[in-house]
Every structure is written in C-alpha cells, then in structure tokens.
Number of protein chains: 2
Amino acid sequence: MIERERKVRTQHVALPRPARAPRRRPRRMTAPARPRLLGEVRRAKILAWLREEGSARVRALADAFAVSEVTVRQDLEKLEAEGHIVREHGGAFLKSVPQQVRALALQHHENMDEKRRIGRAAAALVGDGETIILDSGSTTTEVAAALIGRRDMTVVTNALNIALMLGAEPGFEVHMPGGHFKAPTLSLSGDRSADYFRGLFAKTLFLATAAIDVEAGLTYPALSDIAVKRAMIAAADRVCLVADASKIALRSFTALGGLDLVHMLITDDRIRDADRAAIEAAGVEVIVA
Amino acid sequence: MIERERKVRTQHVALPRPARAPRRRPRRMTAPARPRLLGEVRRAKILAWLREEGSARVRALADAFAVSEVTVRQDLEKLEAEGHIVREHGGAFLKSVPQQVRALALQHHENMDEKRRIGRAAAALVGDGETIILDSGSTTTEVAAALIGRRDMTVVTNALNIALMLGAEPGFEVHMPGGHFKAPTLSLSGDRSADYFRGLFAKTLFLATAAIDVEAGLTYPALSDIAVKRAMIAAADRVCLVADASKIALRSFTALGGLDLVHMLITDDRIRDADRAAIEAAGVEVIVA
DNA sequence: AAGCAAAATCGAAAATAATCGAAATTGCGA
DNA sequence: TCGCAATTTCGATTATTTTCGATTTTGCTT
C-alpha cells in the first residue's frame, strides 16, 4: 500500500495512469478546432453517468476519472451552464422533473419492467434531430423517458405527463394537439385534437393500444380516442405499436383498424410464438425487447 | 433512557479490499458503508417512500438514510415548503394529487398569500355551470384552486398544471388548445393555440399578465403568448385581469394592448391609490382582494 | 378531565464537509 | 525552448449536518 503522504512532491510519477497511451499522435497539417477534447470526453462520460445513476458525488467522480475534485467541479459547472444538470453541495443531479411526473400517472403500474425495456427498444429506433409523435399511455411514457438525453428532438404528444417530462429537457421541442382532457390517461382527445395533426408530418409514431388481435386489429375502450389516433397515423411515415405482451390476443370495445395500419410492434418476450407468427404474417415486423 | 449506539466512529481503519486507485484520499478515517446521499436525492427518495407507503415517521427515515433526525426534519420542512407533503408530529404524509400538481408551477413562489386571496375573489365571480377560460400563470393557478368544489364547470386553459388540477375533479370538463409547450410557465402557445379559440365562447376569461401600465397597457416578456391571449380575449364575454399589486406600473417586453381590453382587475391591497385611480379612469373596475 | 412521562420538535452553536479564488504546476504542441 | 490552457494546490469561505438543551406535543393513567 502506498503511503499517502501529502508533502512528497514527485509523487505523481508513481501514479497509475490508465487512460493515456504512450503512442505518439500523427502530426496534423490542420490544427483541430479544439486542441484538447479529453475534457469534453470526460464531461460526456459524466453526463452519461448522471443519466444512468441520476446523481453523482464530486468525490466519486474524481476517483472514477482520476482527476482532482476541483476539475470535476469545473466540469459540473460547465454542464450546469449548458442546462443539463443541477449542481448541489456534494455533487450534481439531473433535473428529475421526469421522476416526479412519472408518478403522476396513477394507474397501470403493472408490467413496468417490461414496459421499460420496450421503451428503451423503441427509443433506439429514433435518431437525433427527428420529429416523432407519442401517443398517451404508460408504455409510451417509458418511451419518452428513454428518449431523455437526445438532442434536437421535436415531439408531438397528446399526453400531458409526457409533455411535462420532455418539455423541461434541453434539446426538446414539445407540441400538443388541443382537445378534451381526460384524467385517467392524462391525455387530450376529440375532434379538435385530430384537426391539429392536419398538415403535420412526423417520421415515427409510437402508438399505444389496449388490445391487439389479428382478426379484430387494434381495439380501444373509448370511442373518443379513435379520431386522434387515426390522425396521428395519417401524419406519420412509420407507425410503431408499443404494447407489452399481456395485451396480445385481446379485444377491447371499439376498433381502430386492422394490423395493416402499423409497420412494427415492440413487445416483450412473453409473447407466444403462435401470436408472433400470426402478427408477422399480417405484415408487421415484431421486435422483442 | 435507552442509550443508542450512535457514537461509534472509528471502526476498522484498513479495509480488506485493495483500493483500485491509490491516488489520494486525504484523511478519511470513517468510511461510511455507503457514501452519503446528495441532499436533493435524499429528498426525492423520501418523496418516493411517501408515494409508496403514504406516510413516514421521522425516526424510520433517519434510520433508513443514515442521517440524524434533525436532518430528516429539515428535509420534510423543505418538501412541505415546496408543497409536496403535509407534516405532522411524528412524520409526514402526502398531499392530495390536486395539491401536488399545484406545486408543479415551478417559479414565482412570491406573493403567494396575495395570489391566494386574489384567486378566491376571482372564483367568487364565477357561478356553477359556467364556461370560463383560464390563462396560464401562478395567479390563475390559484383561481383554479379556488374553483375546486364547483359543479358542472367547463374550463378552457392553456396551462398544463391547471388542466391536471381541475381535470381530476368531478364536475369539471377541461379543454386545452393545442400549441407549443413552454416549460417555464407549463403553458401552450403559438398560432395553433390561437386557432383553437375560433368559434369558442366563454363567459369569463381570467387573464394573467407580467406588467400593467396605464400608458403601455398589458405587456409580456414573450411574443409568442400574445396571439393566444388575443384569441382568448376574443372568445370571452368578460375579461378579468388577475395580477398582484407588484405588477402594477411596470412594463415588460411586448404589448398586448391597452387597458380597454379588460373589464376588471382583481389585485391585492398593496395597490397604490394613484394607480388605482388611473386604472379606474381607464374604465376598468378594480377589485381589491 | 387532569396530570405525568416519554417522545418529538425547535433554536442555535459546534463540527464536518464541500466550495471558491487565485496562484502554481503540468502536459502538449509549435 | 516557449506558451497556452487545463489541471492541481492551498488557504479562506460557505454550506450542510449534527449535538445539545429547552420546549412542546402525545399518549396513558388516574
């Protein structure tokens, strides 16, 4: 064990330096705009850590990246200035409006683990800078949560909780259709909602559903949602259904339409082989998260 | 009196696990099993605990997070000040959902007492069964809070927090215009918001403002709100401005129009006599809450 | 009800930990 | 070698948490 003596001046020569390779960098004719990007890399990693953990302590970060706590503090200061994080005495954390808002959606706390996986898989289909439409629902809320950290996204959603979650994030533009507010789903619906989507185009729609059935197609408990969902489908290039496996081979009250309306389904691994085969036979790409 | 073992400070100095980075760890004899949580994170976890259990005792929280009971109390005090919980002798419990949503309106926790009085006075102008329009803002949020308990109300609002508050109440129909979501005010704005009000009529509009001035009229910090507010005004029979006295005789960035747009102003008793006289001379009925 | 003891809270000083400012040091490229 | 900018060091400052005694509340017994 190395004795931690503070007065030794030449201590640094013995320090382990895992990051730096002794290889010489080839000389460049054009000087790069940023001579040092090591700092940027570290900051990006700190941000990644924060997105994973939610918060970080200055000392832990200093240890992890083998830099002084002062440097970490400067990094955090920069990240804070960019609006990504909030700094506090012992470290920093992400603005967790999302956490708070996620708890707002009262019902449907079942299958959360599957829904989270589906959300991550769905988010992987979206690239930075795209425009997407997010339906309301607990699964689509998880899609929204998984999108946090993206840049230059434009999101259109009829779900108030999703708007609140993403609207506070830097790099997100959030738009909502108007309509009649329904408390159980925290969503807007009605004819006026549908009108909003006229003349609007998005790359991908993540659609929620109450029940999927090969014969009945997509069915919903309430009539009023149907118009909005039709309008959303019409406005999107690609329709991606997100639904956990418990909804497959069920029927609800009113039908939106057949499976030919959607291009892909993201679900979890509890889907039965027979169902999967039938859905794929209907021309829908099935992704198991 | 039971002596609890709290003062055990110096236990084993040498941990069996060899430290990966022997960089520098200046005198830390007492290594807590888990690094202490960030204050904000701890408060978030307390909130999560409360959402799970419904209530919590100070002693249990102190044990769970390995902090003193005083610290827990301070945390609870903070959470109470933010409007999330209600504190009582042995611990704390969660507020009702509408009350929590009220706390969502992030900024402007100033002059809350005046705003609450203004809200109550404004609500007194509204009868059961009427249709009203509620602008976004902290004062209009108080109007909404004061309306809770009414029957057969129809409310049109561009404020997400108001929609969430009232939408869950029985006896309330809530509609929202579409538009671009702005996080600081939790509101929707833009041209599409304005379009929504076309062909819509309401008895009373409760309008918020950033600044009132007899000469400059009503002024706002952002241009994008103006269109929505104009449309709201056009859709309402009676326009009722709600603003605490600190906003009187100020000017903001862009003008909506003169005081002739509004029929009444509800404010608090800090309004100066001269201002009141000037506003009344402009044809606006002034109500002091 | 009234009284009493245990438990919980409050206020403020003390202890601990983290931050800030500014000078000194280092790494890297010209 | 120099220069620049990122990083570190160190003392002073600031924020947070704990300690401790006084006070209030609660729960129980009479």
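**Close-up views of a predicted protein–DNA model**

**View 1. The surface near DNA strand D.** A polar backbone atom of A:Ser68 lies 2.9 Å from a phosphate oxygen of DNA strand D. A polar contact is a pair of N or O atoms within 3.5 Å; within protein, one must be able to donate a hydrogen and the other to accept it, and residues adjacent in sequence count only if both atoms are side-chain atoms. The model is predicted: local features need pLDDT of at least 70, side-chain atom pairs count only at pLDDT 80 or more, and totals for chains, interfaces and linings use all residues. Residues are numbered from 1 along each chain as its sequence is written, chains are lettered from A and ligands numbered from 1 in the order in which they are written, and side-chain values use heavy atoms, with hydrogens and water left out.

There are 18 residues around DNA strand D, and A:Arg42, A:Ser68, A:Thr71, B:Ser68 and B:Thr71 come nearest. Of the atoms of DNA strand D that come within 4 Å of the protein, 83% belong to sugar and phosphate. A residue is near a molecule or strand if one of its heavy atoms lies within 4 Å of it. By class, this surface has four nonpolar, eight polar and six charged residues. Here Ala, Val, Leu, Ile, Met, Phe, Trp, Tyr, Cys and Pro count as nonpolar, Asp, Glu, Lys and Arg as charged, and the others, Gly among them, as polar.

**View 2. Arginine and helix at DNA strand D.** The side chain of A:Arg42 has an N or O atom 2.9 Å from a phosphate oxygen of DNA strand D. Helix α3 (69-81) of chain A and α3 (69-81) of chain B each supply at least two residues of the surface near DNA strand D. Helices (H or I, at least four residues) and strands (E, at least two) are DSSP runs, numbered from the N terminus.

**View 3. Strand β4 of chain B and its partners.** Strand β4 (residues 131-134) of chain B pairs in the parallel sense with strand β5 (residues 153-157) of chain B over four bridges. Two strands pair if DSSP finds at least two bridges between them. From β4(B) the chain crosses through helix α6 (residues 138-147) of chain B to β5(B), in a right-handed β-α-β crossover. Right-handed means that, with the strands pointing away from the viewer, the path from the first strand over the helix to the second runs clockwise. B:Ile132 has B:Val155 in β5(B) as its bridge partner. β4(B) also pairs in the parallel sense with strand β9 (residues 202-207) of chain B, over three bridges. In β9(B), B:Leu205 stands opposite B:Ile133.

**View 4. Aromatic pairs.** The whole structure holds two aromatic pairs over all chains. The ring centres of A:Tyr196 and A:Phe197 are 6.1 Å apart and the planes stand at 85 degrees, so this pair is edge-to-face. B:Tyr196 and B:Phe197 also form an edge-to-face pair, with 6.1 Å centre to centre and 85 degrees between the planes. Rings of Phe, Tyr and Trp (its six-membered ring) pair if their centres lie within 6.5 Å; planes under 30 degrees apart count as stacked, over 60 as edge-to-face and the rest as tilted. A:Tyr196 and A:Phe197 are both buried. Buried means under 20% relative accessible area, exposed over 50%, partly exposed in between (1.4 Å probe, protein chains only).
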